[in-house]
Amino acid sequence: MWRAFTHIAKTLECLSHEGARFPQKFQHSILKANYLSLHNSSNYSNSHQVKLNKMSGEKPKVVFVLGGPGAGKGTQCSKIVERFHFVHLSAGDLLREERAREGSEFGQLIEEYIRNGKIVPVEVTCSLLENAMKLSGKMRFLIDGFPRNQDNLDGWQRQMADKTDMQFVLFFDCAEDVCVVRCLGRGQGGSGRSDDNMESLKKRIQTYNNDSLPIIKHFENAGQVKRIDATPDADTVFQAVERVFLDAGFQ
């Protein structure tokens, strides 16, 4: 299994070089779409701006978005994108799309990790995130659901810390029983996610408590966490989120 993941990481790493072509087996739908848009003449200005930013030494601004399953991270990220013009990158969505892509050599392995509430090796996730950031043509990013454990954090520090400007961690703090109700309701509503069921939820919550909460505590000790009470309705929660971003200087 680990040989396969090493092969994934090497393949994805080669994509991070500018101008690299996507191999057939890694034509990830989101990444491919962004790649094509960057090379479309109508998006020349975005591509040109990225080159200018590199010349000026400006780094992409990153906000980590963390919280338990069902805390509302995706919903709030959509609102932040609309209000503050960030690009929303969900580590889970990137992996789920690769898993679901017809003919994916690694879909079954990724499915096994996700279904069992385990965290996919960091080399794979970081490579997908880095490539999506480069190909977006933007400089503000919400990274949703990452880093989720110490290995994720260490991998980010090795691969991405020097390339980005991390602003803060947006932590959606939500009661466990509320999260469970939301996830089960999402599954019953046809979310299409194989992990929106009670068996998978128990494993995901255990993983979150054991692995993710210590990472949030790490950032909190460094004074980098903006804690949001995620129990109320989405609009009420976003009022608190909006204040955080305005106070951080985003317009």
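How are α9 and α10 oriented to each other? The model is predicted, with local features requiring pLDDT of at least 70 and side-chain atom pairs pLDDT 80 or more, while totals for chains, interfaces and linings use all residues. Residues are numbered from 1 along each chain as its sequence is written, and side-chain values use heavy atoms, without hydrogens and water.

Helix α9 (residues 176-188) packs on helix α10 (residues 198-221) at an angle of about 140 degrees, with the axes 11 Å apart. α9 and α10 are therefore oblique to each other (under 35 degrees is roughly parallel, over 145 roughly antiparallel, 65 to 115 roughly perpendicular, and the rest oblique). Contact (heavy atoms within 4.5 Å) involves Glu-176, Val-180, Cys-183, Leu-184 and Arg-186 of α9. From α10 come Met-198, Leu-201, Arg-204, Ile-205 and Asn-209. These residues comprise 6 nonpolar, 1 polar and 3 charged.

The structure holds 10 salt bridges (a side-chain nitrogen of Lys or Arg within 4 Å of a carboxyl oxygen of Asp or Glu). One of them joins Lys-79 and Asp-235, 3.1 Å from N to O. Lys-79 lies in helix α4 (residues 73-84) and Asp-235 in helix α11 (residues 234-247), 156 residues apart. Lys-79 is partly exposed at 23% relative accessible area, and Asp-235 is partly exposed at 47%. Buried means under 20% relative accessible area, exposed over 50%, and partly exposed in between, with a 1.4 Å probe and protein chains only.

Glu-111 pairs with Arg-99 in another salt bridge, the closest N and O atoms being 2.7 Å apart. Both Glu-111 and Arg-99 are buried. A salt bridge also links Arg-227 and Glu-220, with closest N and O atoms 2.8 Å apart.

Conventions: Axes fitted to C-alpha atoms, helices over the stretch in contact; angles between N-to-C directions. Helix = DSSP H or I, 4+ residues; strand = E, 2+ residues; numbered from the N terminus. Nonpolar A, V, L, I, M, F, W, Y, C, P; charged D, E, K, R; others polar.
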